[in-house]
Amino acid sequence: MMQRLQRLLPFLTLIVLFFALTIATPHFLTAINLASVARQTAVINIMALGMTLVIITGGIDLSVGSILAIAGLFGAMGIKHGLPIPAAIFVGIGCGLLCGLVNGLMITQFRINPFIVTLGTLEAYRGLALVVSKGLPVHEIPDSFSFLGDGNLLGVPFSLWVLAICAVLMHLVLEHTKLGRYAFAIGSNSAAAYYAGVPINFHLTAVYAIAGMLAGLAGMIEASRLMTGQPTAGQGYELQAIAAVVIGGGSLVGGEGSVVGTLIGAFIIGLLSNGSDLLGVNPYWQQVIIGAVIIAAVAFDELRKRKLSVSRA
Amino acid sequence: MLLSLQGVQKSFGGVKALRDGNLEVCEGEVHLLMGENGAGKSTLMKIVAGMFRRDAGQMLWRGQPVSFARPAEASAQGIAMVHQESLLAPHLSVAENIFLGHEGASTGGWVNRGKINERAARVIAANGFRLDPATRVASLTPAGKQLVEICRAIAQGSSLLIFDEPTSSLSESETREVFRIVRELCSRRIAVIYITHRLEELRAIGDRVTILRDGATVHTAHLKELTREDLIQHMVGRPVNAIYRREPQPRGKALLQVENVSRGILREISLSLHEGEIVGLGGLMGAGRTELCRVIFGLDPPDKGVIRVAGRAIHSKTPRQAVAAGIALIPEDRQNHGLALKLPIAHNITMPDLARISSLGFLRSNRETNLANEFRDRLRIRCSTPQQLAGRLSGGNQQKIVIAKWVARGARIFLFDEPTRGIDVAAKQEVFEQMDKLARQGAAILMVSSELPELVQVADRILVMCEGRITGELPGRTTQEEIMRLAAPSAPRPGDSAEARALPDRT
């Protein structure tokens with residue numbers, strides 16, 4: 001009973017946070033505010049879905065913020081040069097896929113630690129975005145592109161629909177496909193997976209490619225929200241995405257993580273920053289609060305696991 | 001009486017690990033502590049060493065009631081534990097490890113390396129060990145690491161040392177070295193509590209034995225008064241046919257042929273495994289037995305030579321190709337190479353063959369559950385549900401999961417590398433029964449074992465390796481002495497005692 005309660009802790013935190021904010025400020029529970037929270041968190045959330053997959057394998061992807069920028073930039077440039085909007089969105093997603101593929105290939109073929117590879121590409125992709133754009137944002141995009149980031153479908157923000165679809169797909173991948181199963185196996189014990197005949201390199205490469213692809217999609221949504229292709233977009237988003245996964249129960253040593261957990265984690269971060277905005281909390285303190293929440297979440301999780309792991313010897 | 005425990009109890013989150021722990025240890029005796037996995041041996045010892053606090057019961061140390069909240073309190077009283085997995089700092093030197101936490105207060109935070117090395121050298125020399133105080137611990141063998149732990153305990157002036165399965169990762173000669181040390185300690189009036197699984201070790205070392213079963217002490221006696229069968233019966237709680245003998249089977253056609261394979265230390269290895277037979281592979285540590293399994297399983301492709309499955313040459317560069325050819329490896333290091341401990345039993349069983357439970361690219365959880373249930377029953381894996389995490393099961397049950405996943409994959413050639421390492425007596429029998437069953441169903445089995453009695457009991461014929469070569473083949477019902485004769489690096493003259501032949505000094 002206690003254990004189940006502790007596992008539900010992130011979810012309960014989210015609920016409590018939601019009600020606390022509803023009581024604390026009349027501006028919270030309004031359609032406009034909630035839609036704005038949804039739009040803000042959708043971008044991070046979509047990246048965090050890819051990050052969940054990566055973290056389950058025991059890896060990390062620090063480059064997703066830079067991929068977001070480079071994908072958004074290429075997509076925006078495509079639109080500006082007359083590409084139809086759906087095609088431009090695919091350009092952005094494809095660009096993310098390519099960047100992720102490069103990450104995955106370097107990790108598996110050169111056997112470099114994912115932290116190092118993606119730390120390198122965090123810099124390199126950002127640099128490429130700046131080189132291509134000469135450091136200038138891409139403006140003058142047709143208004144119709146704003147639908148992706150700011151539009152509504154059936155009264156719900158369009159980006160939330162995109163998130164929902166991605167989340168369902170990712171959940172299916174994790175729980176019901178070989179790729180997901182192998183991701184858990186690799187993260188839990190890559191040697192055992194190798195000994196079982198699992199093609200590790202192929203699946204790891206696919207995992208980073210998917211994370212890149214989702215970052216590319218997030219980049220198009222971000223570009224649509226800003227109505228510019230910004231080479232400096234998404235700085236620090238990778239850390240927020242990692243935080244969302246970790247708050248939601250993902251373990252940086254691999255083998256653990258879930259879509260539901262990550263969604264909850266991202267919404268907790270989203271509500272915390274929205275709530276402190278509404279309550280007029282100093283934005284500098286916001287950072288302190290979010291940092292504390294990340295550490296507290298992991299500390300609780302560790303305590304829970306320690307209790308579980310005490311077995312008789 | 002040095003140490004006396006009465007009615008000690010300990011629970012972890014509702015699970016009673018220890019119901020009624022009783023133990024009495026005299027000064028200078030070697031006291032064996034035996035029992036199956038989960039019987040509560042380690043829990044009891046961790047209470048003595050101050051790593052756990054007992055929930056109830058009494059502990060007397062030199063006649064005084066004591067209760068330790070921390071290992072430091074126990075070691076201050078002279079109780080130290082030598083752990084199964086070494087608890088040393090690998091990047092520090094031997095000397096630094098010996099005095100870690102006891103560097104001496106007078107130095108005021110500064111560590112005088114020369115002085116510490118000198119002090120360590122004195123401790124090492126006093127015990128007749130061969131160790132250089134300045135070596136980094138990471139570069140030592142498992143046996144060397146245990147020596148360091150023993151030195152640490154002695155340097156702290158311990159009068160009771162607890163050894164938790166010290167020989168489970170050691171070679172024959174290292175094992176003998178540990179025995180020598182234990183006897184040496186005992187001659188200096190230091191008491192030793194020795195936890196072990198290996199029945200073979202008993203008489204070489206112990207005076208008295210205490211047996212635990214299901215968290216309670218069931219028997220204490222002088223070793224002289226007990227037969228091997230008595231011991232097993234006390235441990236398991238029912239009589240077990242300790243001497244497992246496989247009925248020899250008519251063998252079928254050759255399934256696996258290894259022809260002139262060389263790689264690393266392996267020199268021109270040739271062997272064949274036939275349907276329906278269990279072939280033992282004996283030899284000393286470092287003879288190349290595990291290396292041979294790795295080559296056959298595609299972990300290290302051969303530099304020279306050919307491996308054939310059912311007559312067709314396979315050229316595996318990864319285990320994936322070997323697995324596709326029907327080869328399975330039950331690795332020596334089960335926890336690191338055989339299982340994903342954080343994943344459910346069912347996921348471990350289906351890992352090599354997800355296609356079997358998928359349709360249209362999606363995994364079918366009902367098919368997976370059915371398959372897992374089927375193999376749980378077939379291999380008698382004791383668990384509450386197949387959704388339980390593999391890491392929560394005992395060693396024997398974990399080994400059965402590893403076997404199950406290959407049987408589910410439809411493997412035909414099984415390489416068992418030390419299949420009984422770290423599992424208890426009853427589970428060993430079950431593993432042998434499974435091997436027998438597989439062979440009856442037409443599988444070809446290679447069994448690597450350092451436990452000579454097991455080889456003699458289970459194998460239909462035995463190949464012996466020495467220094468990377470196969471030095472001979474023996475019939476299944478051979479003697480341990482015959483195996484040792486082929487396993488020793490230089491062939492001894494006839495007339496040497498069996499003991500001398502079994503003791504090649506390779507240190």
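This is a guided tour of a predicted model, stop by stop, for use in a viewer.

**Before you start**

The model is predicted, so local features need pLDDT of at least 70, side-chain atom pairs count only at pLDDT 80 or more, and totals for chains, interfaces and linings use all residues. Residues are numbered from 1 along each chain as its sequence is written, while chains are lettered from A and ligands numbered from 1 in the order in which they are written.

**Stop 1: chain A as a whole**

Select chain A. It has 13 helices and two strands. Helices (H or I, at least four residues) and strands (E, at least two) are DSSP runs, numbered from the N terminus. The C-alpha atoms of chain A fill a box of roughly 70 × 55 × 35 Å along the principal axes.

A compact globule of 313 residues would have a radius of gyration near 20 Å, and chain A agrees, with 20 Å. That radius is taken over C-alpha atoms, and the globule rule is 2.2 Å times the number of residues to the power 0.38.

Of the 313 residues of chain A, 50% count as buried. A residue is buried if 20 or more other C-beta atoms lie within 10 Å of its own, exposed if 12 or fewer, and partly exposed in between; the C-beta atoms are placed from the backbone.

Now think about contacts. Two residues are in contact if their C-beta atoms, placed from the backbone, lie within 7 Å. Take the contacts in chain A between residues at least 6 apart in sequence: 78% join residues at least 24 apart.

**Stop 2: helix H2 of chain A**

Select residues 9-24 of chain A. This is helix H2, with 16 residues. At 1.5 Å a residue it should span 22 Å, and its end C-alpha atoms are 22 Å apart, which agrees. The expected span is 1.5 Å times one less than the number of residues.

Which residues of H2(A) are buried? They are A:Pro10, A:Thr13 and A:Leu21. Look down the axis of H2(A): the buried residues fall within an arc of 60°, so they line one face of the helix. The arc is that of the directions from the helix axis to the C-beta atoms. An α-helix has 3.6 residues a turn, so residues three or four places apart point the same way.

Turn to the other side of H2(A). Exposed residues there are A:Leu12, A:Ile15, A:Val16, A:Phe19, A:Thr22 and A:Ile23.

**Stop 3: helix H4 of chain A**

Select residues 64-80 of chain A. Helix H4 has 17 residues and reaches 24 Å from its first C-alpha to its last, close to the 24 Å expected at 1.5 Å a residue. In H4(A), 15 of the 17 residues are buried, so the helix is largely enclosed by the rest of the structure. Step just past H4(A) to A:Gly82, which takes a positive phi of about 90°.

**Stop 4: where the chains touch**

Show both chains. Here 24 residues of chain A are in contact with 31 residues of chain B. Helix H9 (residues 178-195) of chain A gives the most to the side of chain A that touches chain B, with eleven residues. The residues of that side divide into twelve nonpolar, seven polar and five charged. Ala, Val, Leu, Ile, Met, Phe, Trp, Tyr, Cys and Pro count as nonpolar, Asp, Glu, Lys and Arg as charged, and the others, Gly among them, as polar.

**Stop 5: strands of chain B**

Select residues 3-12 and 56-61 of chain B. These are strands S1 and S4, which pair in the antiparallel sense over five bridges. Two strands pair if DSSP finds at least two bridges between them. B:Ser4 stands opposite B:Leu60 in S4(B).

B:Trp61 has B:Gln64 in S5(B) as its bridge partner. S4(B) and S5(B) form a hairpin with two residues between them, and B:Arg62 in the turn has a positive phi of about 50°.

Jump to strands S21 (residues 461-466) and S22 (residues 469-475) of chain B, which run antiparallel and are joined by six bridges. B:Leu463 has B:Glu473 in S22(B) as its bridge partner. This hairpin also has two residues between the strands, and B:Glu467 takes a positive phi near 45°.

**Stop 6: B:Leu160**

Select B:Leu160, in strand S7 (residues 160-164) of chain B. Buried or exposed? B:Leu160 is buried, with 24 other C-beta atoms within 10 Å. Beyond its neighbours within four places in sequence, its contacts include B:Leu2, B:Val25 and B:Ile193.
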